[in-house]
Amino acid sequence: MRNILLILLLFAMKISFTQDVHFSQNFANKMHYMPSEIGYLGDYDYRFSIQRRSQWESVSIPFSTTSISFEKSKIYKGVNLGVQFLNDISGASKMTLNQINLGISKGFDFNQINTFSLGLIIGINQKSINYENLIFEQNEVLMLEKFMYSDIGLGVSFQANKERVLRYNIGFSSYHLNNPNNSFNEDEDVYLPLRHNLNFGVNYRYRKNLILNSELTIINQGAQTEILIGIRPEIKSMKVSFFPFAYCRINDAAIFGCGLLKDNIEANITYDINFSDLVTASKNKGGFEFSIIYMWKKKDRKVEVKEKICPKYL
C-alpha cells in the first residue's frame, strides 16, 4: 500500500504539472504570453532579455523561474523571429521544466496607424523530478524521472492609434493546442490544459515627459483563472526613463516595483506581497522578480569608395 507521502507527492505533481509557470512582469516576456507581438521592437532590430523570478521562500524551498529570450524583427518579408529558453525548478524534489521555444510573427498595417498581427510558437519541453530528497516509509516503485513533449501556441493582436496621443492594444493567445501528455506515470494520461491569455492595454501620452501605461491580463488554464491589473507609467527625465510599477493579481498578491531605461538598456525589479489563502504560511511574503532588456540596431554596412581618375585627364 502506498504511504501518505507518496499520495501527497502525486497530488502535488497533479497540481504543479498541469499548470504553467507565471511572471508578474508580463511586458518583459512576449514569448510566454503573446507570440503575435514577437519582434515588435519600435526603432530597434534586436532584443535580448533575461527574466528571473523566485518565490515561496518563506513556505518551502524556493521556486525559481528563469527566462532568456532573443528577438529579431523582419528577418524575411516582414516576418519576425523569437527564440526562448525557460527553466523552472520547484520545491525539494527539484521538479524541473526546461523549454526551448521558437516563435514567429507577422504584422499587417492598416491606414498607417493600426496594426493587426499573428504569431506562432513551437516548443520542445523536458520535465524531470529528483526522488532522492523525498523520504518514504518503505521501498516504493517510483515513476519516470523525466519525459519530453512538444508544445504549440498561437496568438493574435491588434494595436490601434499607434502614433496618436491615446493608443490601445488587445491580444489573445492560446498555448498547448496539441494537447500534450504531462504525466510521470507511463500508465496514466494527464493532459496539459489549454492556457488562454487575454491582454488589453491603454497608453496615454499625458505630457511630453509622461506616458500612462495601463494593462489588464486575464489568464485561464483549466479550473484556474488569474486576473492581473495595474499601471506602469513612464516618466522621462533627461536621457533616463523611470517606471514605477503597481499591479494587483486578484485574490493573490499586490505587486510593486520600478524600472529604469537609459539609452537601449532597461532594468526592472518587482516584489509580490501575498494575500491569498496561503497568507498564514507565507506571512505576506511572495517573491522577487527582475528583468533586464537590451535592444540594439543592426550596423549599417560601410560602402568603401575608391577614387578613379577620369581617362580624359590622363
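**View 1. The largest cavity of the predicted model.** On a 1 Å grid over the protein atoms alone, a cavity is a set of points where a 1.4 Å probe fits but cannot get out, and lining residues have an atom within 4 Å of a point. A volume is the space filled by probe spheres set on the points, which are joined across faces, edges and corners. The largest cavity has a volume of about 110 Å³. Its lining comprises 15 residues, of which Gln99, Asn101, Asp151, Tyr175 and Arg195 are closest to the centre. This is a predicted model: local features need pLDDT of at least 70 and side-chain atom pairs pLDDT 80 or more, while totals for chains, interfaces and linings use all residues. Residues are numbered from 1 along each chain, and side-chain values use heavy atoms, without hydrogens and water.

**View 2. The pair of Phe70 and Trp296.** Rings of Phe, Tyr and Trp (its six-membered ring) pair if their centres lie within 6.5 Å; planes under 30 degrees apart count as stacked, over 60 as edge-to-face and the rest as tilted. Phe70 and Trp296 have ring centres 6.3 Å apart and planes at 40°, so this pair is tilted. Phe70 and Trp296 are 226 residues apart in the chain. Ring pairs also join these two with Tyr46 and Tyr294 in a cluster.

**View 3. Charges over rings.** A charge sits over a ring if NZ of Lys or CZ of Arg is within 6 Å of the ring centre and within 35 degrees of the ring normal. The charged end of Lys72 is 5.1 Å from the ring centre of Tyr46. Arg232 lies over the face of Phe27, 3.8 Å from the ring centre.

Key:
On a 1 Å grid over the protein atoms alone, a cavity is a set of points where a 1.4 Å probe fits but cannot get out, and a pocket is an open set with protein on both sides within 12 Å along at least five of seven lines; lining residues have an atom within 4 Å of a point. Helices (H or I, at least four residues) and strands (E, at least two) are DSSP runs, numbered from the N terminus.
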